[in-house]
Amino acid sequence: MAMANRSRTAGLSLARGWPQSARVKIILALCLLSASSLLAAVPSPVPSAPASFDPAAATQAWIDSIPAAEKARSDSYFEGGYWILLWDFLISAGISLLLLTTRISARLRDYAERKTNSKSLQVGIYAIGYLVLTTILGFPMVFYENFIREHQYGMATQNFPGWFWDWTKGLMIDVIIMPFFLMLLYAVFRRAPQRWWAIGTAVVMLFLVFIVIVAPIFLEPVFNKYTPLEDAKIRDPILQMARANQIPVTKVYVVDASRQTKRVSANVAGLFGTARIALNDNLLKQSTLPEIRAVMGHEMGHYVMNHVIKFFAFLTLLTLIAFGFTKIAFDWAVRRWGAEWGVRGIGDPAGLPLLALILAVIGFFGTPVTNTLTRVQEAEADAFGLNAAREPDGMAKAMLKLSAYRKMQPGSLEEFVFYDHPSGQTRIRRAMDWKAANPPNGTFDPKVGKP
């Protein structure tokens with residue numbers, strides 16, 4: 001249920017990457033997704049519900065249970081995210097243009113060349129300087145977006161020293177990982193200046209696969225502790241659902257997310273036959289067993305339906321197209337302004353801000369495309385989860401919790417452009433439609449359409 005803080009929601013999608021807003025979206029989205037068939041979770045036929053149950057009325061009853069002040073606060077928070085998306089893009093673009101037009105990027109390249117004759121090491125030195133500069137320039141917006149704003153809306157629990165230490169650890173990870181990635185990417189640029197857009201796509205995707213594999217083991221524990229869930233009343237029903245859907249796990253883990261946020265979250269992560277089920281302690285503390293089962297059924301849907309693999313396939317195609325456009329735009333810009341900016345060509349690390357600028361433009365205007373891709377997968381996981389957990393009311397209650405920071409009733413165009421998950425109203429209605437056709441656990445009370 002995934003913008004730096006915009007992607008940290010209840011599984012229901014979270015890379016540090018480059019540029020920063022893009023990396024949180026991509027890697028965390030991949031880490032939380034993972035997934036063979038919807039039919040694997042479909043139970044034996046059950047009697048249909050009485051005609052007296054009205055899914056539309058039940059949906060409205062759930063929505064009406066949200067206090068007006070809380071709904072207004074949630075709408076304000078989520079709609080403010082639209083402006084955050086715009087400002088993230090404008091600030092990222094402005095930083096890139098500043099580094100180019102002031103020739104700071106060229107001077108940083110010149111410094112790296114004076115230090116070593118190795119082209120790869122030159123890229124590595126440049127990359128560290130670039131990361132430090134862009135991080136410092138972008139810090140005010142990151143601080144506002146992820147600390148001040150989160151506290152203003154009551155989402156955050158972490159004090160400034162704790163938040164700043166987590167932010168610093170993230171920067172240190174970037175400084176370690178990103179230079180190696182850029183050294184590899186620029187080796188492709190130098191050796192295949194005309195075909196880099198195709199070969200570079202393969203490099204980017206291999207890098208993302210590497211991050212998805214190592215993140216649960218080496219990166220996520222840097223920020224949070226994962227401990228086995230000991231409460232059998234919660235653990236055993238989750239493992240029972242996992243066994244029913246051939247998910248190879250024997251433990252359920254709890255993440256101490258409450259030290260950072262009040263958001264609920266869960267995921268079933270893994271690639272190539274590996275899997276790990278985790279839920280954050282907010283979900284554990286704030287939710288009943290039916291709600292937890294509903295959320296975990298959704299997350300298992302991602303794993304069983306191979307959503308990580310499918311996401312990689314779509315992302316590969318989108319990256320190939322984006323890199324194709326980037327090559328055309330980059331070559332044109334270098335011909336037009338290269339001498340003025342001190343950028344020699346695609347193999348010159350001084351051109352990294354230009355590369356970032358072009359990709360930021362493509363990513364910004366491609367937001368509806370990427371959001372639609374994830375929104376479709378989230379809807380599939382919802383359907384799977386309803387069949388696996390058989391908890392439509394639990395699903396509705398979980399959506400009410402997400403309504404604390406997700407606008408419940410957007411317009412259709414608003415949902416298409418800005419939502420990477422179906423809206424809460426849509427998800428509750430689908431749960432009530434399921435309930436009308438499939439009484440949960442074989443029972444039905446026509447009065448249980450109300451919260």
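User: What should I know about the model and the numbering first?
Analyst: The model is predicted, so local features need pLDDT of at least 70 and side-chain atom pairs count only at pLDDT 80 or more, while totals for chains, interfaces and linings use all residues. Residues are numbered from 1 along each chain as its sequence is written, and side-chain values use heavy atoms, with hydrogens and water left out.

User: At what angle do α10 and α14 pack?
Analyst: Helix α10 (residues 289-304) and helix α14 (residues 392-402) pack at about 85°, and their axes are 8 Å apart. They are therefore roughly perpendicular (65 to 115 degrees).

User: Which residues make the contact?
Analyst: From α10, Pro-290, Glu-291, Ala-294 and Val-295; from α14, Gly-394, Met-395, Lys-397, Ala-398 and Lys-401. Contact means heavy atoms within 4.5 Å.

User: How many residues of α14 are buried?
Analyst: 8 of its 11 residues are buried (under 20% relative accessible area, 1.4 Å probe, protein chains only). Among them are Pro-392, Asp-393 and Leu-402. The buried residues of α14 pack against α2 (55-64), α10, α13 (367-389) and α16 (424-437).

User: Switching to α4. Which residues are buried there?
Analyst: In α4, Ser-105, Ala-106, Leu-108, Arg-109 and Ala-112 are buried. They cover an arc of only 160° around the axis, which puts them on the same side of α4; the arc is that of the directions from the helix axis to the C-beta atoms.

User: What covers them?
Analyst: The cover includes α3 (68-101), α5 (119-152), α11 (307-341) and α12 (352-365).

Note on methods. Axes fitted to C-alpha atoms, helices over the stretch in contact; angles between N-to-C directions. Helix = DSSP H or I, 4+ residues; strand = E, 2+ residues; numbered from the N terminus. Parallel < 35°, antiparallel > 145°, perpendicular 65-115°, else oblique. Buried < 20%, exposed > 50% of the residue type's maximum accessible area, 1.4 Å probe, protein only.
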